[in-house]
Amino acid sequence: MGKRTNCVAMATALGLVALTGCAVGGGGGGNGSDGDVTLSLLTFETPNLTAAYWDDIIAKTSAKVPGVKIKKLVAPSAEQRNEYARQLDSTGALPDIMVAIDPAGMAEAGKLAQFSKEELADWGTPTANSFNGKIYQLPTNSQTWQIYYRKAAFEKAGITTPPKKWDDLLAAVGKLKAAGIKPFVIGGGAPDGLGPRWTFAQLVADEVYAKDPKWLDKLVAGKTDFSDPLFVNAATKMKAVAGKENVDNLSATYAQAQEAFLAGKGAMYPMGSWFPAAPNKAQQKQIGVFPMPTQDGSLVLPVYTGGGLSVSAKAPDVTKAKKWAIEFSKLNADGGARYDGLFVALKGYKPPAGLPPLYNTTLDLYNRAQSSGTVTPSFGNEGGVPALPSGFMAKVDAALNDLLNGRADVGKFVATLNAKFKELSQ
């Protein structure tokens, strides 16, 4: 598919990759028009969500929504999709439809179209990620963060049951190291260096959000900061278990870390609920899952509900763009569950038969946390308002890498976050 010269120039200027077509932002056709319209779709690719996957679901959705032609735009990486959307917006070329971007900032600025109560009628949690009662992203799925582990590694180290309390986890780390096994695979290398964040989010859930559900409100209001003892406890625990001496390779990218865990290069893999889509049938039997252990053994699980599509308020046809986004979400439900491990949040939705055993085990853990445990927001993926300032989590990722690599202690880590939070909140 050829790229027009101006597309190439824009991609070069922004450091972007994988453009298919160039119909981003505005274009012909008014809202609610009867004619055909071309809409740009910003998505991203991962080891599970390949180019072929996206092309297939895009074609199926377009077949259900007459008069819409999609031009696909792919972010440089999954991690960079939010920054990418904002870079495009800064040039006046905000994509018409966007997959799983953080609406914060753009929603309040009037850049995104609002979904009505009627348009959200089929969603189980229609007010997830609310901005003062307004919804700018379809609350399509829920995701959780937990620890996957290799059963053979635990057996070799003499660990008979998954850790439940914090001291149990520390003991397991010691036993694994004594057996010559790296305790963790986490990753942290660019461009998808989210492994430390996904690990840390579980500790923030345990130490901060479970103990003070209003902590983020206080942070945004200036009533606390990252030197709060609750947050310091989470950072201290992160350093204790995930320092470089306990991790296979902190320079590994997301894809490399996943491959390393599946290849047996570490015992535990703190990861999101999409991971069960990755192991093959044989590997599924070799891997178990447990929540990040808490101090007292209680069940706490960080959860994010949202992750759906958003629509630009300046799309050439907002009505058709929203219709396409809603249809996409419904058609993609089974694929999202099967290939991305999503817990679909549509009313009455039942996952298809034959899903990986790890998917069902992880879903059972989520259901148990909802019914008899504690469900919290996930640090960096809280959704809605109040919210962390735009661009802040990229600074957290860098600071976490410094903490784990030994370039910073907990005090410097906290000071860095306070400084960056203040700077970006101006």
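How far apart are the mean positions of the positive and negative charges of the protein?

## Charges

The mean positions of the 45 positive and 38 negative charges are 2 Å apart. Here Lys and Arg count as positive and Asp and Glu as negative, while His and the chain ends are not counted. Each charge is placed at NZ of Lys, CZ of Arg, CG of Asp or CD of Glu.

## About the model

This is a predicted model, where local features need pLDDT of at least 70 and side-chain atom pairs count only at pLDDT 80 or more, while totals for chains, interfaces and linings use all residues. Residues are numbered from 1 along each chain as its sequence is written, and side-chain values use heavy atoms, leaving out hydrogens and water.

## Burial

Of the 426 residues in the protein, 55% are buried (under 20% relative accessible area; exposed is over 50%, partly exposed in between, with a 1.4 Å probe and protein chains only).

## Salt bridges

Side chains of opposite charge can pair when their charged atoms come close. Counting a side-chain nitrogen of Lys or Arg within 4 Å of a carboxyl oxygen of Asp or Glu as a salt bridge, we find 11 of them.

Let's meet a few. Glu119 and Lys322 pair at 3.1 Å, N to O. Glu119 is partly exposed, at 24% relative accessible area, whereas Lys322 is buried at 12%. Asp122 joins Lys330, with the closest N and O atoms 2.6 Å apart. Asp122 is partly exposed at 37%, and Lys330 is partly exposed at 35%.

Asp397 and Arg197 meet at 2.7 Å, N to O, and both are buried. Finally, Glu207, Lys211 and Lys237 are linked in a network of salt bridges.
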